[in-house]
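User: I would like to learn how to read the features of a protein model one at a time. Please take me through this one.

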Amino acid sequence: MPQAILLQDVETLGERGAVVDVSPGYLRNYLVPRKLAEPATATSIKVAQRRQEDAEKAVREAEERARESAAVLGRTVLTITQQAGDDGRLFGSVTTQDIAEAIRDARGLKIDRRKIHLDDPIRNVGTYMVVVEIADEVTAAVKTMVVAA
């Protein structure tokens with residue numbers, strides 16, 4: 001049986017970069033024309049392994065950067081100034097977009113507003129702990145102080 005290197009994830013065979021045994025007709029008539037796989041040779045197997053090692057290294061480096069960013073954000077105290085009434089109720093609210101902009105201004109980190117977990121917009125003056133998702137399974141709690149202008 002010939003071997004093939006998968007160029008994309010194939011549900012019944014495996015993930016991208018895997019070396020699998022397939023029948024010659026399946027490789028020639030289905031996988032190669034659809035650019036799902038290429039025939040495996042000694043050099044192409046080495047190239048695929050090197051590519052997979054580089055991808056794993058990039059993932060590890062991205063996780064390390066995410067952990068460093070989480071550590072920095074954990075020590076950060078954001079101060080957001082909003083107009084408020086005498087009773088401490090804001091004229092408007094503090095949203096995830098406001099928090100994302102405050103993080104960018106304070107630390108230079110660009111965080112997507114959808115990665116900031118806030119149950120409801122903040123409508124009162126006070127101190128809040130806001131959970132920010134930096135990457136998959138890497139989160140940081142940012143202390144956010146909302147003060148009256």
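User: What is the order of the strands in the open sheet of three strands?

Analyst: This is a predicted model, in which local features need pLDDT of at least 70 and side-chain atom pairs count only at pLDDT 80 or more, while totals for chains, interfaces and linings use all residues. Residues are numbered from 1 along each chain as its sequence is written, and side-chain values use heavy atoms, with hydrogens and water left out. Helices (H or I, at least four residues) and strands (E, at least two) are DSSP runs numbered from the N terminus, and two strands pair if DSSP finds at least two bridges between them. Here the order is S2-S1-S3, and the pairing is antiparallel. Strands S2 (19-21) and S3 (37-39) are the edges, each pairing on one side only. On average, neighbouring strands of this sheet are turned by 40° against each other, direction ignored; axes are lines fitted to C-alpha atoms, for helices over the stretch in contact, and angles run from 0 to 180 degrees between N-to-C directions.

User: How many bridges pair S1 with S3, and which residue in S3 does Ala-4 stand opposite?

Analyst: Three bridges connect strand S1 (residues 3-6) with S3, in the antiparallel sense. Ala-4 faces Pro-39 of S3.

User: Which strands does helix H2 lie across in this sheet?

Analyst: Contact means heavy atoms within 4.5 Å. Helix H2 (residues 42-74) lies across S1, S2 and S3, and runs at about 30° to S1. H2 also lies across S8 and S9, at about 30° to S9.

User: S8 and S9 bring up another sheet. In what order do the four strands of that open sheet come?

Analyst: The order is S4-S9-S8-S6, with mixed pairing.

User: How many bridges join S8 to its partners S9 and S6?

Analyst: S8 and S9 run antiparallel and are joined by nine bridges; in S9, Thr-144 is the bridge partner of Tyr-128. Strand S6 (residues 116-117) is joined to S8 by two bridges, also antiparallel, and Ile-116 has Val-132 as its bridge partner in S8.

User: How many residues lie between S8 and S9 in their hairpin?

Analyst: Two residues lie between them, and Glu-137 in the turn has a positive phi of about 65°. Most residues other than glycine have a negative phi. Glu-137 is not a glycine. With a relative accessibility of 80%, Glu-137 is exposed; the cut-offs are under 20% relative accessible area for buried, over 50% for exposed and partly exposed in between (1.4 Å probe, protein chains only). Lys-35 is another non-glycine residue with a positive phi, near 55°. Lys-35 sits in the loop between H1 and S3 and is exposed, at 58% relative accessible area.

User: Which residues have the most contacts inside the largest nonpolar core?

Analyst: A nonpolar core is a set of buried Ala, Val, Leu, Ile, Met, Phe, Trp, Tyr and Cys residues joined through side-chain atoms within 4.5 Å. The largest has 21 residues, and Leu-73, Val-94, Ile-99, Ile-103, Ile-116 and Val-132 have the most contacts inside it. H2, strand S4 (77-82), strand S5 (89-94), helix H3 (96-107), strand S8 (126-135) and strand S9 (138-148) each give at least two residues to this core. A second, separate core has nine residues, among them Leu-6, Val-22, Leu-36 and Ala-37.

User: What does Ile-99 touch?

Analyst: Leaving aside residues up to four places away in sequence, Ile-99 touches Leu-78, Ile-80, Val-94, Ile-116, Leu-118 and Val-130.

User: Why is the aromatic pair of Tyr-26 and Tyr-30 called stacked?

Analyst: A pair of aromatic rings is described by the distance of the centres and the angle of the planes. Rings of Phe, Tyr and Trp (its six-membered ring) pair if their centres lie within 6.5 Å; planes under 30 degrees apart count as stacked, over 60 as edge-to-face and the rest as tilted. The count by this rule is one aromatic pair. The ring centres of Tyr-26 and Tyr-30 are 5.4 Å apart and the planes are at 5°, so the pair is stacked. Both lie in helix H1 (residues 24-31), four residues apart, about one turn of the helix. Tyr-26 is partly exposed at 29% relative accessibility, and Tyr-30 is partly exposed at 33%.
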